[in-house]
Amino acid sequence: MTPSHHPPDELLADFAAGTAPEAVALFVATHASLCAPCRAHLAVEEAVAGALLAAADAAPRPDLLAKTLARLDTPAPAAEEAPAPPDPVFPRPLARYLGPRPAWRRVVPGLEVVELPVRLGGEPVAVTRLAPGTRVPSHTHAGWELQLVLAGGYTADDGRFARGDAHCADASVTHGFRVDADGPCVALLVREGRIVSKTLHGRFFAWLTGA
Amino acid sequence: MALPLDPASFGWSAASDRELVAAVADRRDRVAFGELFGRYAGRVNGFLVKGGLAQTLADDLTQEILLEVWRRADRYAPERASVATWIFTIARSRRIDALRRERVVAVEPEDDDPAPSAEAAIDRERAESTLRAALAGLPEEQRRTLDAAYYRGRSMTEIAEEQQVPVGTVKSRVRMAVERLRGALGGRT
C-alpha cells in the first residue's frame, strides 16, 4: 500500500543531490524503499542532475585517460555488502544499521528504543517502540523531527500515520499523538535538536529531551 | 544488444552514449570507452572539485568513477535512466564518501517497480533531449540554483548566501524548476 505522508521536497532534493546528512539520507532511503511515488520523484531529480552533468562547462581531462586505461584489467575491489535478509518491519537500508539482533532498551513504561550509530547534530538516530494506546503528549521541536512508521500506527492532529508514512515536523509545529490500541507502534526517529515538552510529563520526555 | 549500424565504421564520436556503454558491456570495447571518457571525465572532475574536493583527490576519484563505469556497464539499464544520470549516481556516491567519510545510503525497493516496457528506452531518449532543451530554457536564476544544488552540491543555506536571497526563495526556485522539468519528462520517469 502506498504511504499517504511523504518527506518534504527539500529533504528529497538533498538526498538526490547527495548533500543530505547520513541520518536524513537513512530516513529518506528507508521511506522511499516503501514508496514508489517518492522513488519516481527522486528519479526525476536524478535525471535533472544527469542533464546538468552532461551540460556542465568543464575542460576535458585526456591526461587521465592513459592512467585509467592502464587500470582496466586490475581486479575489482572486494564484493559489495551482501543484501540483508528480508524483514517484515525493517526495510533493508535500515536493517543494515540494526544488524540481526537489535538491542531494545526500555526507557520508561511504554517506550523502548534502539539507538543507531549515526547522529544528527547531537542526537542519535533511534528506532522506537511505543506500547498500544500510548499517548505522546503535545510538544514542539528545536529542529526537524522526522518519524517514519514501520509497524502499527497512530493518530495525530495532522492525520493518521501507518507503515511507510513519514511524519516530519519542525519548530513551527506543535503536536502530540496517540498510538493505536491494537498493537505497538515501531518507528524510525531522526531528531535534529531537543524536543520541547509542553506538559509536565518529565519522565516520558527524559530520553527524548536528553535530560 | 546488436547495433543495426556499426558506429566503429564511422567513428565513435557519432555514437550515442547508450551505444558506447553497450559496446563496453558487450565487447569490452576500449575505443568506445575512450570516447565515453572524453565526454564525461572532465565533467565528473568538475563535479568533484566544485563539490569541494582537492584537485589531486578529484583526479584519482575521476579515474575510479570511470573505472566503475567500465566494470558495471553490463548493469546499466537504458530504460531507467540516461547514461549521464547513471554516471551522476556513481559520482554522487564517491563524493559523499570522500567529502564526509559517511556511509552511502541507497534506496532498496521492497516492492518491485513495474518493469519498464521495451518502448520505454526510446521514450526516455526522446524525453531526455526535451529535458536538456528545457534546462537550457529555464530562467537564469532557476538554472543557476539547480546547478548549485545538484552539480556543485551546495546546501540551501549556502545557495541563499551566494545569491543574497532568503532560504525560502532558494527552496521555491528548486521546487519550481524541478516541477517545470518534470513536465519535460512527461510526468513519468
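Analyst: Let's start with two helices. A:E46, A:A47, A:A49, A:G50, A:L53 and A:A54 in α3(A) meet B:A84, B:T85, B:I87, B:F88, B:T89 and B:R92 in α4(B); contact here means heavy atoms within 4.5 Å. Helices are DSSP runs of H or I with at least four residues, numbered from the N terminus.

A quick note on the ground rules: this is a predicted model, where local features need pLDDT of at least 70 and side-chain atom pairs count only at pLDDT 80 or more, while totals for chains, interfaces and linings use all residues. Residues are numbered from 1 along each chain as its sequence is written, chains are lettered from A and ligands numbered from 1 in the order in which they are written, and side-chain values use heavy atoms, with hydrogens and water left out.

The axes of α3(A) and α4(B), residues 83-100 of chain B, come within 8 Å and cross at roughly 95 degrees. Axes are lines fitted to C-alpha atoms over the stretch in contact, with angles from 0 to 180 degrees between N-to-C directions. So α3(A) is roughly perpendicular to α4(B), a label for angles of 65 to 115 degrees.

Now zoom out. In total, 62 residues of chain A are in contact with 61 residues of chain B. The two chains bury about 5400 Å² between them, with 60% from carbon and sulfur atoms; buried area is the accessible area (1.4 Å probe) lost on being put together, summed over both parts.

Charges join in too: 7 salt bridges cross this interface, each a side-chain nitrogen of Lys or Arg within 4 Å of a carboxyl oxygen of Asp or Glu. One salt bridge links the side chains of B:D59 and A:R61 (3.0 Å, N to O).

Note on methods:
Angles under 35 degrees count as roughly parallel, over 145 as roughly antiparallel, 65 to 115 as roughly perpendicular and the rest as oblique.
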